[in-house]
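Here are a few notes to read alongside the model. Keep the picture open and look up each residue as you come to it.

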Amino acid sequence: MPPFEKILLKNMETPGYTGSLADYERGGGYQALRKVLGKIPPAEITETVKKSGLRGRGGAGFPTGVKWGFLPKDYQGPKYLCCNADESEPGTFKDRQLIERDPHQMIEGMLLACYAIGVETAYIYIRGEFVLGAQILERALAEARMAGYVGQNILGARTSINIWVHRGAGAYICGEETALLESLEGKRGLPRVKPPFPATHGLYNKPTVVNNVETLANLPHIINRGAEWFAAIGSPPKSSGTRIFCVSGHVKRPGNFEVPMGTTLRELIFEHAGGMRSDKPLKAIIPGGASAPFFTPEHLGVKLDFESVAQAGSMLGSGGVTVMEEGTNMVWAALRLMEFFYHESCGKCTPCREGSSWLVQTMRRIVDGRGRNSDLETLVELCQNIAGRTVCAFGDAEVAPIMSTLKYWRHEYEELIQQAAMSAPAELMMPVMGKH
Amino acid sequence: MGLKPATNPEVEAKPIELTIDGRSVSASDGVSLYDVISSTGKIVPAMCYHYTFDPFGSCGMCLVMVEGKKAPVRSCTAKAAAGMIVRTEGDDLFQARKKAVEKHLSVHPLDCPVCDADGHCELQDMAFQHQVTNLANAKQKLIPEDTRSLVLDFNMNRCIACGECINVCKDVLMIDALQFMKKGGFNQVVAKGDQPLSCEFCGDCLAVCPVGAITNKFSKYLYKPWQLKKTTTTCNYCGDGCQMHVETKDREVVRVTSPLSWKNKWGDRSETAKGHGGICVRGRFGFEYIDSTARLQQPLMRRDGKLVEAPWLEAVHSVVDRLADIKAKHGPDAIAGLITARCTNEELYLFQKLMRVAIGTNQLDSSARYGHINFVRAAQQAVGVGRAMNDWEDLTKAKAILLVGSNLTETNPLTSVRVKDAIRIYKAQVIVVDSAQTNIARLASHPMMVKPGSEGVFVQGLVKSVIEQDLIDTEATAKYPKAFAVLQEAVAKLSFESITAATGIALDQIHEAASIFAEAPRAIILCAEGVVRRPAGYEKILSLMDLAWITGKLGRPGCGVTTVTEEINEQGAVDMGAAPEFLPGQAPITDAAARDRFAKAWGAELPAPEKGATLTEILKRCRNGQIKALYIVGENPLATLPKSMDVQAALKGLDLLVCQDLFLTETARFAHVVLPACSYAEKEGTFTNLEGKVLRIRQAMDPVGESLPDWHIMTAIASGLGCQLDYESPHDIQREIMKLLPGYYNLGQPRKPAPDPNKYLSNGYSAEVKARYQPQMEAMAATQAAKPFALALGQLLYHSGKLSTQAPGLITIAPNTGRLHMNAKDMERLGLTDGTKVRVTTAQGKLDVGVQADLAMLPGSCFFPEHFNEPPVKDLMAVEIDRHTGVPYFKFTSATIQKV
């Protein structure tokens, strides 16, 4: 097998690469834009993207070209593109690197997307905490404007594309596309009911495409090197291209690793990330950000592509791979994640809002050694009544840590409860009215 | 958000079949599954759902099983699709819903014993229905109550965050005053930006709150819902005539509630085109005048120059004797009468019968004379139908609405919700022609901020533009080629330069407005106080009729020329003949056949038509001694008309002034006899609203003190004058009206009149159209140069006439600031700040008054609410009397303003 050639991280791993416009152009930057602008009809670009098999890198993995195709044809009036740079999934930090180290790559991607779908105004919704990222993007956009890549009549063509950076205010939920749009409109970021989808009723009720940073960053390469080239990488036909995996946790070399899709977890953890930190055995893996159900060492052979991970009972999600070694308290780990979700529940839907607080209460009780025998049943019941009962996918995500730890490490929960029963005094029962 | 096909008249929804609990049901493709289920009569519990807005999908209660899906789905956000097999019942669903209720209960304090909603609470109902018996998770959130708002208290401990209040405010009312905010770890509803609530205070949020989280400041802790007697009746403030529930305990009105409530959350969204069931701030919080201590308890008679209490028998005898005496000495035309349009149809009918038959005079008028009569007369003249041509549904479903001279949100709040619906759901283009930045102008697609007083010129511009841009409906104009030729000729004399100069609107904007209106398939003109109560109102309405005619909008379904009324029964007052020019049914008093008919029915001779007198003529005849006795029912001309009308002199010269009212008004202080009347909550009857719907009012409580319903008093007086009437209740009067005006009572359905311009366009049109299109811009420019400020009197959202100033709730929200509202830039230019005194000088005199900045004011204009006479800004107004209709115009004048 020939050595794998990185696509997205290639520029920034070149020694001396600063991410400036000059550096980017030196490496062939903005050639894709020059290639298509006014020369290739927009519809053809959408076709190319469809053919390349590019799927969304934000979490859901929806085919990008198909998403573009949902915009109403011949729509009169403004349409929008939003780049979702609100990377806030615990354990995920790939977009941050793409933004900070090679901003022009994603800007060119956005320009190509705008051209393909006929958008004149695009927004980068960037996570509030990414102060440096926002500064870098602003600087890069200023450079691009000066060079005539962004603004009125770009590169002298009739196309005008303006890109604006909008900083979020620190809510996890604003990474959900409709909450992102609400927030961008200046409202509290609450997810909208779908349908209608953003493709028809998006920003200010106008047709809108929301794409992840990594998705957009792939576009210049697809245009430059062709759909067939891209489609052949990774594990075609369903999962083409590369993914940047963010490996964190108990490994020797945490960081971002761009590998072709279909690479096994074993290879990612033991070759790229250098193996376990203190050479203890591996205990648990979250394969796709905090919302993805846990994997066990048995799953090391799972190929990291959309289908294989889903088949094994988790999801590829945002590419955040968190590794935990033997000795980790899984109940505590699940509680920690649950606390995050409780804190970030936007509060719109009752099952999630009240359910998450209830789950945290119950989990904390168990971890603190005050657990009751009925608590495990309560946890399951609560989880079952959150998943699928909420407006957005947050509800499904937040129960993943508990449901999967209960599946693989139920004995840890039981031990904690048992210890509690032996050591703690009999608890005062709350009054219960009528028949229970 | 996305339109439901069912509410979009542009989209033919595909009919589909699906199965619900084994029954085949037909529905429209793509509508909410929940709506389809509830349309079959099945009720699936849902706590965040209300049919008036888009599904919010947050409560997790409305779960159903759809075949092919493993887990239950939320039916409100699911779309109905062909062939769906749905199950709404079953133990699994019951348990799942129970879990959802438990979650709602887990953040509720269970302080039911002290909660206003106890017994009227969806959370209680749901907990009971789902047998939630484990209350161990109830939580005290210990959030301090937010009492900063003037009318509502927010107890967020009880809030279940269903979002109904936020959604109704945002989606239905387009006010958007509320939001969620995470405070102290809990999701709470707060006013925008966590400021004290400052909004239209319609209270619809209170109505849809399923628990006791939002409470009414005026009735908090005063009742348990089951102790209240609930009477469905019609609001008596503005012409909208909203249905509402007056809830009373003994002799006290505790609260007023609306048909819109979480209790009736199931309905057909498209039906909201006829009204969403909400009421406005006046209806909901302006009820306290009913049991006010200021109400008259006993008749009063003047003895030794003082008004003292007297028994009814004595008071009525005195009135009757003195009326009979004056009639005998000076003839029937020494007596005149005025009545308020807040009386019922029955009372208005009886009033004119009393005046015309028992007394024998045609000197009678109602408060419709202040403006609405202009519309009635113009519409009668042009199309033979003396009332608004469109109902709320037409307005909601219009594609273009031309709103001329109307601060609709403030004068008729619920009609404005229809316009908002037209904007929001039906994507109507709304052209607002006004000289203030009103709420509706801000929502409109085409706000045309004309120079003060130039609405009429703008309308002429539209007519000219339609003709010159060739936007005419040739079918409509071809029928009357002569009339059209005259109009063309008249319009040709006007120049666009002078029109744009006078209105301050660019020509292309006039052209755009004209083409939007002309090209819309359903287009409505709505004119209001800025037209009917300002000089040449009658003629301006006729010009609007011209516009409707040449664009083919007369007689076409969903199109027309419409108005709104300020008092509830202005339309009824005209319909009942409480005007010198009309017999009941708007039959002209000069019409021999009609006179015969009524004379026969009443068994009496009718007074000669030419001796009739309108309001201002009556006052003039009082002043010159022709009229000796004046009978005033609920009217208050002294407080309403400017000083220059010299009402006081007119009243002082009378031998007998009888005032029949709820309160001792300014006018009543001059009376010889004051008779205490009942409010609308203490009597039965009907009102006719601006749509022409006849709406019932029902007695909610016993009369206050010894007050009596107006019809009762009038029957007694008529009988005393020898005109024996044997009405025992308003129903007897109703029966008589039904006989005389068949079809008038029509079970609350608006009657669709068929406008027919034939008579008008074939006859007198040519003669008068020339006069109407005279250029008047020079005169306007001259006044503007001499007196650069336009001073207008008008209504506030929180008040209606003078009546609402007796309601402490409304005074709390909008007290009399005594200040002139001005544009902030003007204030800056003149070196004024809030509260600075200025001297306002008009042709009628000058007055020193404080000023306040008002965002709605455009530069060069200022405003004072007509509800208040302190300071007496109204006395600065000149009165101009319409030569056609006798309407006194005194709401608008030019003034100079200087810093004192």
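1. Let's begin where the two chains meet. In this predicted model, the contact draws on 35 residues of chain A and 34 residues of chain B. About 2900 Å² is buried between chain A and chain B, and carbon and sulfur atoms give 53% of that area.

2. Glu381(A) pairs with Lys99(B) in a salt bridge, and their closest N and O atoms are 2.9 Å apart. Across the interface of chain A and chain B there are also 12 residue pairs in polar contact, with both residues at pLDDT 80 or more.

3. Helix 14 of chain A gives the most, with 8 residues. Sorted by class, that side of chain A has 14 nonpolar, 13 polar and 8 charged residues.

4. Next, stay within one chain. Chain A is divided into domain 1 (11-231), domain 2 (242-325) and domain 3 (330-429). The C-alpha centres of domain 1 and domain 3 of chain A lie 37 Å apart, and 13 residues of domain 1 are in contact with 8 residues of domain 3.

5. These two domains of chain A, domain 1 and domain 3, bury about 890 Å² between them, 74% of it on carbon and sulfur atoms. Tyr172(A), Ile173(A) and Pro191(A) supply 51% of the area that domain 1 buries against domain 3, more than any other three residues. Between domain 1 and domain 3 of chain A the count is 0 salt bridges, along with 3 residue pairs in polar contact, both at pLDDT 80 or more. By class, the side of domain 1 that touches domain 3 has 7 nonpolar, 3 polar and 3 charged residues.

6. Finally, a single residue to look at. Lys94(A) lies in helix 5 (residues 94-101) of chain A. Is Lys94(A) buried or exposed? Lys94(A) counts as buried because its relative accessible area is 1%, and the cut-off is under 20%. Its contacts include Arg57(A), Glu87(A) and Ser318(A). The side chain of Lys94(A) also makes a polar contact with the side chain of Asn212(A), at 3.2 Å.

Methods
Residues are numbered from 1 along each chain as its sequence is written. Chains are lettered from A and ligands numbered from 1 in the order in which they are written. This is a predicted model: local features need pLDDT of at least 70, side-chain atom pairs count only at pLDDT 80 or more; totals for chains, interfaces and linings use all residues. Side-chain values use heavy atoms; hydrogens and water are left out. Helices (H or I, at least four residues) and strands (E, at least two) are DSSP runs, numbered from the N terminus. Buried means under 20% relative accessible area, exposed over 50%, partly exposed in between (1.4 Å probe, protein chains only). Contact means heavy atoms within 4.5 Å. A polar contact is a pair of N or O atoms within 3.5 Å; within protein, one must be able to donate a hydrogen and the other to accept it, and residues adjacent in sequence count only if both atoms are side-chain atoms. Buried area is the accessible area (1.4 Å probe) that two parts lose on being put together, summed over both. A salt bridge is a side-chain nitrogen of Lys or Arg within 4 Å of a carboxyl oxygen of Asp or Glu. Ala, Val, Leu, Ile, Met, Phe, Trp, Tyr, Cys and Pro count as nonpolar, Asp, Glu, Lys and Arg as charged, and the others, Gly among them, as polar. Domain bounds come from an automatic or database domain assignment. Lists of a residue's contacts leave out its neighbours within four places in sequence.
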